[in-house]
Amino acid sequence: MKSAARHALVRAVPAAALLLAMTACSDGSPPATPSSAVSSGPQETSASTAPSDTTRSTGMDIRVTLDGRAVDATLNDSPAARDFAELLPLTLDLEDFHQTERVADLPRKLDTSGAPEPAAAKAGDLAYYAPWGNLALFYRDGPSANADLLILGHIDADTDQMARADRITIEAAS
């Protein structure tokens, strides 16, 4: 199954299950806020959902190449990820940082208003470190959650490939 179709199916199944559960439990009266139950989709979280679920929700497929090799990747639907998408296409040289992530400077700082709750980075996460204005590709799990580190999306690549990557190219998927 193609990556885009797989990602669409993964996004659609939880929404369909939620809709079925809501209609099964309904007493027939209209909900208090009809638009919020269906239109907000997987970005809406409850108190029992971990913040990392929201920060890693997918919003846009992107094309990423690491040293010329294509890998599957998505950006989440956060304001910072949307601002990052406006910079695309980008080709950046990567450097190792703390034997945990590969980093590169971005051409400008991203808008961090409306940032989601902090979440600890996981291997494969594409993140933005606001104080330095750089992009980080984690090839190992990062330290504890930090409000200055915003998860922008996720790259599905082998950790060894990410750890050795010297150059990343990121483009909007067509």
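The structure is a predicted model, in which local features need pLDDT of at least 70, side-chain atom pairs count only at pLDDT 80 or more, and totals for chains, interfaces and linings use all residues. Residues are numbered from 1 along each chain as its sequence is written, and side-chain values use heavy atoms, with hydrogens and water left out.

**The sheet**

Begin by displaying the strands. Strands (E, at least two residues) and helices (H or I, at least four) are DSSP runs numbered from the N terminus. An open sheet of nine strands runs in the order β3-β9-β1-β2-β8-β6-β7-β5-β4, and its pairing is antiparallel; two strands pair if DSSP finds at least two bridges between them. Select β3 (90–93) and β4 (95–97): these stand at the edges with a single partner strand each, so one side of each has no neighbour in the sheet. On average, neighbouring strands of this sheet are turned by 30° against each other, direction ignored; the axes are lines fitted to C-alpha atoms, and angles between N-to-C directions run from 0 to 180 degrees.

Next, select residues 60–66 (β1) and 69–75 (β2), which pair in the antiparallel sense over seven bridges. Within this pairing, Val 64 stands opposite Val 71 in β2.

**The aromatic rings**

Now select Phe 97, Tyr 129 and Trp 132, which ring pairs link into a cluster. Rings of Phe, Tyr and Trp (its six-membered ring) pair if their centres lie within 6.5 Å; planes under 30 degrees apart count as stacked, over 60 as edge-to-face and the rest as tilted. The structure holds two aromatic pairs. The ring centres of Phe 97 and Trp 132 are 5.5 Å apart and the planes stand at 90°, so this pair is edge-to-face. Phe 97 lies in β4 and Trp 132 in the loop between β6 (125–129) and β7 (134–138), so the pair ties together parts 35 residues apart in sequence. Tyr 129 and Trp 132 are also edge-to-face, with 5.0 Å centre to centre and 75° between the planes.

**Backbone features**

Most residues other than glycine have a negative phi, and most peptide bonds are trans. Select Leu 88 and Pro 89: the peptide bond from the former to the latter is cis, with omega near 5°. Pro 89 is found in the loop between α4 (79–85) and β3.

Finally, move to the loop between β4 and β5 (101–105) and select His 98. His 98 has a positive phi of about 60° although it is not a glycine. At 62% relative accessibility, His 98 counts as exposed (buried means under 20% relative accessible area, exposed over 50%, partly exposed in between, with a 1.4 Å probe and protein chains only).
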